[in-house]
Amino acid sequence: MAQLCENCVKLLQDFVSLVKRMSSSLIQNIKEYLILISECSCLKQKSSEARQLYKPVLQPHEKEMVREFLQHIETGFEMSPFGKDSLEALRTLAFSENPDLQQSAALYYLHMSQHVNTQLPAEHLEPYYALLQSSDMEVQQMSSLSLVNFLLEGNINKELVVQMGLLEPILELLESGDSAVQCNSCACIMTLAVSESNREAIGSAGVILLLALANSYDPRVQQNAVGAILNLTRSERIQQVLCREGALPVLILMLESPDSEVQYYSCAALSNVAANSQHHEAMLRVGDRFLLRTLISLLSSSVDKVSRQACVCLRNLATSVNIQADIIVMDILPKLLSLLASSNSDVQQASIALLWILSQHLANQDALMHGEMLQNLGMLLLTHQTVPGIVGHTACIIKNLSFCKNIQRIIESPCVEGLLQAILSTEIQEESLNYVTCSLAELAKHEGFTLHLLEWMNGPLLKRLVRLAGQREHIEPSFQAASIVRHMICHDKVRYLLKCHMEEVQRYLMNFLNHQEIRFQQLGISTLGKLLEDPEFSSAFSQSQLIEHLEQIRQQTEETQELLKMVISHKGS
């Protein structure tokens, strides 16, 4: 047999080395591809087919546990559905490699979540860790659904779910290829995110997965994903993460969803983000104020909670003055007028709150005075005197519009009657009363209004004003009521009616003169001076401590002036 030369031997050796290197690389590539294929969800969906090829053999202890578990279900179910025996059985079934046994455990939990309204003990959460990570799709579906049921019924402590490490497998299920599993896991996150500590635990990892599912073609998945994002937006830190991960365009586009729940969730999430003014610029940058146009169109939604939430979002955005101008230009007022006439009190309150924000900016006031705005505001006051959100905001709007050029139109509207009925109401709340008295006091600064108010002035109204001025519990209504009286005592009718309450007037004037706030002292002195022009008041007050106390104030004032002059002269020298 002929021998190879040295050159051919070397070539063969190099060839062998090349084949070895290629084989090693090929084997590694084959392994990597097989791993990727095995992890694909399409294989998990066919787990039932896989079980036909491979059926794990039941271990002896598993057989015994199944027998005991079935016996427990038959005999002890109603007595202790979550007892020690059932826990041991559920642990064995859940952590088994046999999908059929896992299904039994998952089915048990599902049945319990639907029929037993009792708190799930903490230790019974342990089997969920195995069930949620099962390779069997049916086990994932049932276990995730039962967990949602327990959470929604309040039968599981939300913080405990995260503390026991179940958040990680729940987040992993968001990437499932099964829409039912995705739907359930989104619902779990949505419920867990109600808790502040849980929101922080869900963090950016959950945000990214939820944003992907917000674009799902399955309406149930999309609804729960957007609902989960809504609850996460209650955290300012998560808001930052959402904006950084591109959530704003996704949420804004969801406003046009045909599903009213998705519209509501996305609108509410955007409202939470808009509560932080630092996000306003980024929100309006999407589609060149597309958000404002869409929100204004949603004001006409037939679904009350959607139109209400659109008002809330616009109100939060309107805290930026430059955005207010854009809102007014987009002809929002006719839509708001329509909402004021809604039969839904929540919708009315939301639209009133938006109008209140808009009325604070002087540039908007001419627009707000057009049309039937004052007529509608007055009717709201007359028909909703026990609703603080409506009474308070309406009174504030009227106060903001109380300029000389608007007084006549306010007088001609039902607003005055509405304010007066509100102040006379015995059911009005303190905060609302504060706003109503402030509004009337602001209007009373105008002579045209005092002449109109004189027509309404009677014994009960003046008595109410004097009583409010005399009470000490609520400072602001006291001051504003006394201010209204001060503006009205120029008229004989008011002075005549006031004489029936002379002792009460003396008491509240004395309180004002002794008050720590200068504005109360000044109002008391001004009112007293005006009343002393009337002979009857002058005679009555001359016998009281008012004049004596007034003299003391005069002396103190003169002493203070002398001290001030001395200090100022020293400063000048």
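The model is predicted. The chain is built with 36 helices and 0 strands. Of its 573 residues, 49% count as buried.

**Overall make-up**

- Among contacts between residues at least 6 apart in sequence, 72% join residues at least 24 apart.
- The accessible surface of the chain is about 28900 Å², and carbon and sulfur atoms account for 53% of that area.

**Aromatic pairs and charges over rings**

- The chain has 6 aromatic pairs.
- Tyr264 and Tyr265 make a tilted pair, because their ring centres are 5.9 Å apart and their planes stand at 50°.
- Tyr264 and Tyr265 are buried.
- Phe479 and Phe520 form an edge-to-face pair, with 5.1 Å from centre to centre and 65° between the planes.
- Phe479 belongs to helix α31 (residues 475-488) and Phe520 to helix α34 (residues 518-531), so this pair ties together parts that are 41 residues apart in sequence.
- Phe479 and Phe520 are both buried.
- Ring pairs also join Phe479 and Phe520 with Tyr508 and Phe512 in a cluster.
- Arg519 lies over the face of Phe479, 4.4 Å from the ring centre.
- Tyr264 has a charge over its ring as well: the charged end of Lys305 sits 4.8 Å from the ring centre.

**Cysteines**

- How many disulfides does the whole structure contain? The search finds 0.
- Cys267 is in no disulfide, and the nearest cysteine sulfur, that of Cys313, is 5.1 Å away.
- Seen from Cys313, the closest cysteine sulfur is in Cys267, and the 5.1 Å between them is too far for a bond. The cut-off for a disulfide is a pair of sulfur atoms within 2.5 Å.
- Cys267 has 0% relative accessibility and therefore counts as buried.
- Cys313 is also buried, with a relative accessible area of 0%.

**Helix α15**

- Helix α15 spans residues 247-254 and is mostly covered, with 6 of its 8 residues buried.
- The buried residues of α15 are Ala247, Leu248, Val250, Leu251, Ile252 and Met254.
- These buried residues pack against α12 (196-213), α13 (219-232), α14 (236-244), α16 (260-274), α17 (280-285) and α18 (290-298).

**Helix α21**

- Helix α21 covers residues 333-340, and its Leu333, Leu336, Leu337, Leu339 and Leu340 are buried.
- Which side of α21 do they take? They cover an arc of only 160° around the axis, so they lie on the same side of α21.
- The cover over the buried residues of α21 includes α19 (304-317), α20 (321-329), α22 (345-359), α23 (365-369) and α24 (373-383).

**Ile397 in helix α25**

- Ile397 is placed in helix α25 (residues 388-400).
- Is Ile397 buried or exposed? Ile397 is buried, because its relative accessible area is 3%, and the limit for a buried residue is under 20%.
- Leaving aside residues up to four places away in sequence, Ile397 touches Ile352, Leu355, Trp356, Ser359 and Leu377.
- Ile397 and Ser439 are 42 residues apart in sequence, with 8.6 Å between their C-alpha atoms.

- Most residues other than glycine have a negative phi.
- Asp288 is not a glycine, yet has a positive phi of about 50°.
- Asp288 is found in the loop between α17 and α18, and Asp288 is exposed, with a relative accessible area of 53%.
- Arg289 likewise has a positive phi, near 65°, in a residue other than glycine.
- Arg289 is located in the loop between α17 and α18, and Arg289 is partly exposed, with a relative accessible area of 28%.

Methods: Residues numbered from 1 in each chain as written. Predicted model: local features only at pLDDT ≥ 70, side-chain atom pairs only at ≥ 80, totals over all residues. Heavy atoms only, no water. Helix = DSSP H or I, 4+ residues; strand = E, 2+ residues; numbered from the N terminus. Buried < 20%, exposed > 50% of the residue type's maximum accessible area, 1.4 Å probe, protein only. Contact = heavy atoms within 4.5 Å. Areas by Shrake-Rupley, 256 points an atom, 1.4 Å probe, with all protein chains shown as cover. Phe/Tyr/Trp six-rings, centres within 6.5 Å; stacked < 30°, edge-to-face > 60°. Lys NZ or Arg CZ within 6 Å of the ring centre and 35° of its normal. Arc of directions from axis to C-beta.
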